[in-house]
Amino acid sequence: QTRRRPRGRERTQPRFHLDLWLSFTFQNWILDVGRPVVMLVLPADWLPLQHPGVADYLHFLYNVTAPLILLKMLERSPWMLPGLAVRLGIIAVSMGTTLHLVADSITRRLLLIGYQLHLPVRENPIMRNLKPSSLVDVFELLFHYDDTVGHMMWYVPFFLVLVLFFNGCFSRREQEERMPPSAWMLLAPNAAYYWYLITEGQTFILFTFTFFAMTTTVMHQRRRGLFLNSDGLFMFYSFSAALILVAIWVACLWNDSILRTTVPGLIYIPRPCTVYTLHLHQMKKGSTF
(Lines give C-alpha, C1' and ligand atoms only; values in the text may rest on other atoms or scores of the structure.)
Protein backbone atom coordinates (compact mmCIF):
# COMPACT_ATOMS: atom_id res chain seq x y z
CA GLN A 1 0.00 0.00 0.00
CA THR A 2 1.13 3.53 -0.74
CA ARG A 3 1.50 6.00 2.09
CA ARG A 4 2.41 9.66 2.40
CA ARG A 5 5.93 10.48 3.53
CA PRO A 6 6.29 11.84 7.06
CA ARG A 7 6.17 15.62 7.17
CA GLY A 8 9.58 15.78 8.76
CA ARG A 9 11.09 14.19 5.67
CA GLU A 10 9.41 16.53 3.20
CA ARG A 11 11.66 19.00 1.51
CA THR A 12 10.86 22.29 -0.19
CA GLN A 13 10.66 21.53 -3.91
CA PRO A 14 10.57 23.90 -6.86
CA ARG A 15 7.19 24.43 -8.50
CA PHE A 16 8.31 22.66 -11.67
CA HIS A 17 10.93 19.88 -11.65
CA LEU A 18 12.71 21.08 -14.79
CA ASP A 19 15.80 18.91 -14.24
CA LEU A 20 13.67 15.78 -13.86
CA TRP A 21 11.49 16.36 -16.92
CA LEU A 22 14.42 17.52 -19.02
CA SER A 23 16.30 14.31 -18.22
CA PHE A 24 13.14 12.31 -18.88
CA THR A 25 12.63 13.94 -22.28
CA PHE A 26 16.25 13.67 -23.44
CA GLN A 27 16.45 10.04 -22.37
CA ASN A 28 13.27 9.10 -24.21
CA TRP A 29 14.06 10.90 -27.45
CA ILE A 30 17.77 10.12 -27.70
CA LEU A 31 17.96 6.62 -26.25
CA ASP A 32 14.50 5.27 -27.14
CA VAL A 33 13.10 7.06 -30.19
CA GLY A 34 16.65 7.68 -31.39
CA ARG A 35 17.27 3.96 -31.94
CA PRO A 36 15.21 3.60 -35.15
CA VAL A 37 16.43 6.99 -36.35
CA VAL A 38 20.04 5.82 -36.04
CA MET A 39 19.22 2.73 -38.06
CA LEU A 40 17.76 4.93 -40.80
CA VAL A 41 20.76 7.26 -40.96
CA LEU A 42 23.65 4.79 -40.66
CA PRO A 43 24.33 2.23 -43.42
CA ALA A 44 23.11 -1.28 -42.65
CA ASP A 45 26.62 -2.74 -42.98
CA TRP A 46 28.35 -0.03 -40.95
CA LEU A 47 29.04 -2.56 -38.19
CA PRO A 48 29.23 -6.37 -38.46
CA LEU A 49 25.84 -7.99 -37.95
CA GLN A 50 27.26 -10.44 -35.42
CA HIS A 51 28.13 -7.53 -33.11
CA PRO A 52 25.86 -4.97 -31.39
CA GLY A 53 25.01 -1.96 -33.53
CA VAL A 54 24.83 1.70 -32.55
CA ALA A 55 21.11 1.38 -31.86
CA ASP A 56 21.83 -1.53 -29.50
CA TYR A 57 24.28 0.58 -27.52
CA LEU A 58 21.64 3.30 -27.18
CA HIS A 59 19.30 0.62 -25.86
CA PHE A 60 21.99 -0.46 -23.37
CA LEU A 61 22.15 3.09 -22.02
CA TYR A 62 18.35 3.34 -21.83
CA ASN A 63 18.23 0.15 -19.76
CA VAL A 64 20.46 1.89 -17.21
CA THR A 65 18.99 5.39 -17.20
CA ALA A 66 15.27 4.45 -17.21
CA PRO A 67 15.28 2.76 -13.76
CA LEU A 68 17.38 5.61 -12.34
CA ILE A 69 14.94 8.29 -13.53
CA LEU A 70 11.96 6.31 -12.24
CA LEU A 71 13.68 6.04 -8.86
CA LYS A 72 14.28 9.80 -8.88
CA MET A 73 10.55 10.34 -9.54
CA LEU A 74 9.68 8.15 -6.57
CA GLU A 75 12.11 10.09 -4.39
CA ARG A 76 10.39 13.37 -5.24
CA SER A 77 6.88 12.02 -4.84
CA PRO A 78 5.13 12.57 -1.49
CA TRP A 79 3.66 9.08 -1.92
CA MET A 80 5.91 6.11 -1.46
CA LEU A 81 5.68 2.36 -1.91
CA PRO A 82 7.14 -0.27 0.41
CA GLY A 83 10.81 -0.87 -0.25
CA LEU A 84 10.20 -4.40 -1.54
CA ALA A 85 7.64 -3.16 -4.10
CA VAL A 86 10.08 -0.50 -5.35
CA ARG A 87 12.87 -3.06 -5.77
CA LEU A 88 10.61 -5.53 -7.56
CA GLY A 89 9.35 -2.78 -9.86
CA ILE A 90 12.85 -1.64 -10.82
CA ILE A 91 13.92 -5.24 -11.41
CA ALA A 92 10.88 -5.75 -13.63
CA VAL A 93 11.70 -2.63 -15.67
CA SER A 94 15.31 -3.78 -16.11
CA MET A 95 14.23 -7.26 -17.20
CA GLY A 96 11.53 -5.94 -19.52
CA THR A 97 13.84 -3.50 -21.30
CA THR A 98 16.49 -6.23 -21.61
CA LEU A 99 14.03 -8.63 -23.25
CA HIS A 100 13.05 -5.85 -25.62
CA LEU A 101 16.72 -5.14 -26.40
CA VAL A 102 17.43 -8.73 -27.45
CA ALA A 103 14.27 -9.13 -29.54
CA ASP A 104 14.63 -5.69 -31.14
CA SER A 105 18.25 -6.36 -32.10
CA ILE A 106 17.38 -9.67 -33.74
CA THR A 107 14.37 -8.15 -35.52
CA ARG A 108 16.53 -5.49 -37.15
CA ARG A 109 18.82 -8.18 -38.52
CA LEU A 110 15.86 -10.15 -39.80
CA LEU A 111 14.72 -7.05 -41.70
CA LEU A 112 18.00 -7.06 -43.60
CA ILE A 113 17.22 -10.48 -45.07
CA GLY A 114 13.63 -9.77 -46.04
CA TYR A 115 11.51 -10.04 -42.89
CA GLN A 116 8.28 -8.02 -43.22
CA LEU A 117 6.88 -6.44 -40.07
CA HIS A 118 3.34 -6.14 -41.40
CA LEU A 119 3.06 -9.92 -41.75
CA PRO A 120 2.65 -12.49 -38.94
CA VAL A 121 5.72 -14.58 -38.17
CA ARG A 122 4.47 -17.73 -39.90
CA GLU A 123 3.35 -15.84 -43.00
CA ASN A 124 6.74 -14.22 -43.64
CA PRO A 125 8.42 -15.60 -46.79
CA ILE A 126 11.76 -16.13 -45.06
CA MET A 127 10.07 -18.15 -42.30
CA ARG A 128 8.41 -20.48 -44.77
CA ASN A 129 11.81 -21.56 -46.04
CA LEU A 130 13.29 -22.33 -42.63
CA LYS A 131 14.55 -25.84 -42.07
CA PRO A 132 13.55 -27.45 -39.81
CA SER A 133 10.13 -25.78 -39.76
CA SER A 134 10.02 -25.96 -35.96
CA LEU A 135 12.43 -22.98 -35.93
CA VAL A 136 9.41 -20.80 -36.60
CA ASP A 137 8.18 -21.67 -33.11
CA VAL A 138 11.44 -20.31 -31.71
CA PHE A 139 10.93 -16.96 -33.45
CA GLU A 140 7.33 -16.80 -32.25
CA LEU A 141 8.59 -17.33 -28.71
CA LEU A 142 11.11 -14.51 -29.25
CA PHE A 143 8.40 -12.07 -30.33
CA HIS A 144 6.17 -13.22 -27.46
CA TYR A 145 8.90 -12.29 -24.99
CA ASP A 146 9.22 -8.90 -26.68
CA ASP A 147 5.62 -7.88 -27.38
CA THR A 148 3.91 -9.44 -24.37
CA VAL A 149 6.22 -10.36 -21.49
CA GLY A 150 8.82 -7.64 -22.00
CA HIS A 151 6.35 -4.83 -22.60
CA MET A 152 4.27 -5.73 -19.55
CA MET A 153 7.33 -5.88 -17.26
CA TRP A 154 8.55 -2.58 -18.70
CA TYR A 155 5.43 -0.45 -18.98
CA VAL A 156 3.33 -1.49 -15.96
CA PRO A 157 5.91 -0.20 -13.41
CA PHE A 158 6.63 2.77 -15.71
CA PHE A 159 3.02 4.02 -15.70
CA LEU A 160 2.57 3.12 -12.03
CA VAL A 161 5.44 5.46 -11.10
CA LEU A 162 3.87 8.23 -13.21
CA VAL A 163 0.57 7.78 -11.38
CA LEU A 164 2.25 7.90 -7.96
CA PHE A 165 4.15 11.04 -8.92
CA PHE A 166 0.96 12.62 -10.30
CA ASN A 167 -0.93 11.90 -7.05
CA GLY A 168 1.48 14.22 -5.25
CA CYS A 169 1.04 17.10 -7.70
CA PHE A 170 -1.75 18.92 -5.85
CA SER A 171 -1.82 22.08 -3.78
CA ARG A 172 -4.36 24.27 -2.02
CA ARG A 173 -2.93 27.37 -3.67
CA GLU A 174 -4.79 28.15 -6.88
CA GLN A 175 -1.88 30.17 -8.24
CA GLU A 176 -0.06 26.86 -8.70
CA GLU A 177 -2.38 26.19 -11.67
CA ARG A 178 0.10 27.74 -14.06
CA MET A 179 2.92 26.22 -16.03
CA PRO A 180 6.22 28.05 -16.53
CA PRO A 181 7.56 28.62 -20.08
CA SER A 182 9.98 25.70 -19.65
CA ALA A 183 7.04 23.34 -19.10
CA TRP A 184 5.28 24.56 -22.24
CA MET A 185 8.49 24.01 -24.22
CA LEU A 186 8.72 20.39 -23.05
CA LEU A 187 5.02 19.70 -23.53
CA ALA A 188 5.17 18.91 -27.26
CA PRO A 189 8.12 16.47 -27.17
CA ASN A 190 6.73 14.79 -24.06
CA ALA A 191 3.29 14.31 -25.63
CA ALA A 192 4.89 13.05 -28.85
CA TYR A 193 6.84 10.46 -26.88
CA TYR A 194 3.66 9.21 -25.22
CA TRP A 195 2.20 8.91 -28.73
CA TYR A 196 5.23 6.79 -29.61
CA LEU A 197 4.68 4.58 -26.54
CA ILE A 198 1.03 4.06 -27.44
CA THR A 199 1.60 3.30 -31.13
CA GLU A 200 4.95 1.52 -31.21
CA GLY A 201 4.70 -0.01 -27.74
CA GLN A 202 1.00 -0.89 -28.19
CA THR A 203 0.19 0.42 -24.70
CA PHE A 204 -3.16 2.03 -25.52
CA ILE A 205 -5.14 0.11 -22.88
CA LEU A 206 -2.53 0.67 -20.17
CA PHE A 207 -2.16 4.34 -21.14
CA THR A 208 -5.94 4.82 -21.11
CA PHE A 209 -6.29 3.26 -17.67
CA THR A 210 -3.49 5.52 -16.43
CA PHE A 211 -5.15 8.63 -17.86
CA PHE A 212 -8.50 7.56 -16.39
CA ALA A 213 -6.86 7.17 -12.96
CA MET A 214 -5.32 10.64 -13.30
CA THR A 215 -8.64 12.19 -14.32
CA THR A 216 -10.45 10.51 -11.45
CA THR A 217 -7.82 11.78 -9.03
CA VAL A 218 -8.21 15.34 -10.32
CA MET A 219 -11.99 15.25 -9.84
CA HIS A 220 -11.65 13.79 -6.34
CA GLN A 221 -9.02 16.30 -5.23
CA ARG A 222 -10.97 19.26 -6.59
CA ARG A 223 -13.85 18.33 -4.30
CA ARG A 224 -11.34 18.60 -1.45
CA GLY A 225 -10.22 22.05 -2.60
CA LEU A 226 -6.90 20.86 -4.08
CA PHE A 227 -5.60 21.93 -7.49
CA LEU A 228 -2.93 20.61 -9.84
CA ASN A 229 0.45 22.30 -9.58
CA SER A 230 2.71 22.91 -12.59
CA ASP A 231 4.07 19.35 -12.64
CA GLY A 232 0.56 17.90 -12.52
CA LEU A 233 -0.68 20.18 -15.28
CA PHE A 234 2.33 19.28 -17.39
CA MET A 235 1.58 15.56 -17.04
CA PHE A 236 -2.17 15.95 -17.58
CA TYR A 237 -1.76 18.13 -20.69
CA SER A 238 0.89 15.78 -22.08
CA PHE A 239 -1.39 12.75 -21.72
CA SER A 240 -4.32 14.64 -23.26
CA ALA A 241 -2.26 15.81 -26.23
CA ALA A 242 -0.92 12.28 -26.76
CA LEU A 243 -4.43 10.90 -27.07
CA ILE A 244 -5.26 13.58 -29.63
CA LEU A 245 -2.15 12.62 -31.64
CA VAL A 246 -3.16 8.97 -31.52
CA ALA A 247 -6.65 9.83 -32.77
CA ILE A 248 -5.15 11.78 -35.71
CA TRP A 249 -2.74 8.90 -36.45
CA VAL A 250 -5.54 6.32 -36.51
CA ALA A 251 -7.78 8.56 -38.62
CA CYS A 252 -5.06 9.02 -41.26
CA LEU A 253 -4.53 5.24 -41.55
CA TRP A 254 -8.12 4.16 -41.02
CA ASN A 255 -8.73 3.10 -44.63
CA ASP A 256 -5.44 1.23 -45.13
CA SER A 257 -6.61 -2.24 -46.14
CA ILE A 258 -3.24 -3.93 -45.58
CA LEU A 259 -2.75 -2.51 -42.10
CA ARG A 260 -6.32 -3.43 -41.27
CA THR A 261 -5.48 -7.11 -41.77
CA THR A 262 -2.29 -6.92 -39.69
CA VAL A 263 -3.85 -5.17 -36.67
CA PRO A 264 -6.61 -7.55 -35.53
CA GLY A 265 -9.05 -6.84 -32.73
CA LEU A 266 -11.21 -3.88 -31.81
CA ILE A 267 -8.29 -1.53 -31.10
CA TYR A 268 -6.73 -0.44 -34.40
CA ILE A 269 -3.45 1.39 -33.75
CA PRO A 270 -0.77 0.67 -36.40
CA ARG A 271 2.86 0.74 -35.35
CA PRO A 272 5.06 3.43 -36.96
CA CYS A 273 7.76 0.88 -37.83
CA THR A 274 5.15 -1.26 -39.61
CA VAL A 275 3.90 1.74 -41.56
CA TYR A 276 7.47 2.58 -42.53
CA THR A 277 8.45 -0.88 -43.72
CA LEU A 278 5.14 -1.28 -45.57
CA HIS A 279 4.80 2.09 -47.32
CA LEU A 280 8.04 4.08 -47.05
CA HIS A 281 10.79 1.47 -47.15
CA GLN A 282 11.16 1.71 -50.92
CA MET A 283 11.97 5.40 -50.60
CA LYS A 284 15.15 4.59 -48.72
CA LYS A 285 16.47 1.20 -49.73
CA GLY A 286 19.00 -0.42 -47.50
CA SER A 287 17.73 1.36 -44.37
CA THR A 288 15.84 -0.50 -41.63
CA PHE A 289 14.37 0.01 -38.22
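**Entry 1: the core**

I started with the largest nonpolar core of this predicted model, and I found that this core has 60 residues. Trp21 and Tyr194 are the residues with the most contacts inside it.

**Entry 2: around tryptophan 21**

I wanted to know what tryptophan 21 is in contact with, leaving aside its neighbours within four places in sequence. The contacts I wrote down are Phe16, Met73, Phe165, Leu186, Asp231, Phe234 and Met235.

**Entry 3: histidine 17**

I then looked up histidine 17, which sits in the loop between β1 (3-4) and α1 (18-32). Is histidine 17 buried or exposed? Its relative accessible area is 4%, and buried means under 20%, so histidine 17 is buried. With neighbours within four places in sequence left aside, histidine 17 is in contact with Arg76, Phe165 and Asp231. Two of these names were already in my notes: Phe165 and Asp231 are also in contact with tryptophan 21.

**Entry 4: aromatic pairs**

How many aromatic pairs does the structure hold? I noted 21 aromatic pairs. One of them joins phenylalanine 159 and phenylalanine 207, at 6.0 Å centre to centre with 85° between the planes, and this pair is edge-to-face. Phenylalanine 159 lies in helix α6 (residues 135-167) and phenylalanine 207 in helix α8 (residues 204-223), so their pair ties together parts that are 48 residues apart in sequence. I checked burial too: phenylalanine 159 counts as buried at 2% relative accessibility, and phenylalanine 207 counts as buried at 0%.

Tyrosine 194 counts as buried at 0% relative accessibility, and phenylalanine 239 is buried with a relative accessible area of 0%.

**Entry 5: the whole chain**

I stepped back to view the protein chain, which has 11 helices and four strands. Of its 289 residues, 47% count as buried. I also looked at contacts between residues at least 6 apart in sequence, and 77% of them join residues at least 24 apart. The chain exposes about 15400 Å², with carbon and sulfur atoms supplying 66% of that.

**Entry 6: cysteines**

I searched for disulfides and the count came to zero. I still looked up two cysteines. Cysteine 252 is exposed, with a relative accessible area of 62%, whereas cysteine 273 counts as buried at 7%.

**Entry 7: a record to compare**

I opened the UniProt record, an unreviewed entry, and read the annotation "transmembrane region" there. In that record the annotation covers residues 20-42, 54-72, 84-103, 152-170, 191-214 and 234-254. I checked two of these stretches in the model. Over residues 20-42 the chain is 91% helix and 0% strand, with the end C-alpha atoms 31 Å apart. Over residues 234-254 the chain is 90% helix and 0% strand, with the end C-alpha atoms 30 Å apart.

**Entry 8: two last residues**

Where is leucine 42? I found leucine 42 in the loop between α2 (34-41) and α3. Leucine 42 counts as partly exposed at 27% relative accessibility. The C-alpha atoms of leucine 42 and glycine 53 are separated by 9.9 Å, and these residues are 11 apart along the chain.

Valine 149 has its place in helix α6, and is partly exposed, with a relative accessible area of 26%. Not counting residues up to four places away in sequence, valine 149 touches Leu99 and His144. Methionine 95 is 54 residues from valine 149 along the chain, and their C-alpha atoms are separated by 9.6 Å.

Notes:
Residues are numbered from 1 along each chain as its sequence is written. This is a predicted model: local features need pLDDT of at least 70, side-chain atom pairs count only at pLDDT 80 or more; totals for chains, interfaces and linings use all residues. Side-chain values use heavy atoms; hydrogens and water are left out. Helices (H or I, at least four residues) and strands (E, at least two) are DSSP runs, numbered from the N terminus. Buried means under 20% relative accessible area, exposed over 50%, partly exposed in between (1.4 Å probe, protein chains only). Contact means heavy atoms within 4.5 Å. Rings of Phe, Tyr and Trp (its six-membered ring) pair if their centres lie within 6.5 Å; planes under 30 degrees apart count as stacked, over 60 as edge-to-face and the rest as tilted. A nonpolar core is a set of buried Ala, Val, Leu, Ile, Met, Phe, Trp, Tyr and Cys residues joined through side-chain atoms within 4.5 Å. Accessible areas come from the Shrake-Rupley method with a 1.4 Å probe; for residues, only the protein chains shown count as cover. A disulfide is a pair of cysteine sulfur atoms within 2.5 Å. UniProt positions are given in the numbering used here, feature names are shortened, and annotations may be inferred rather than shown by experiment.
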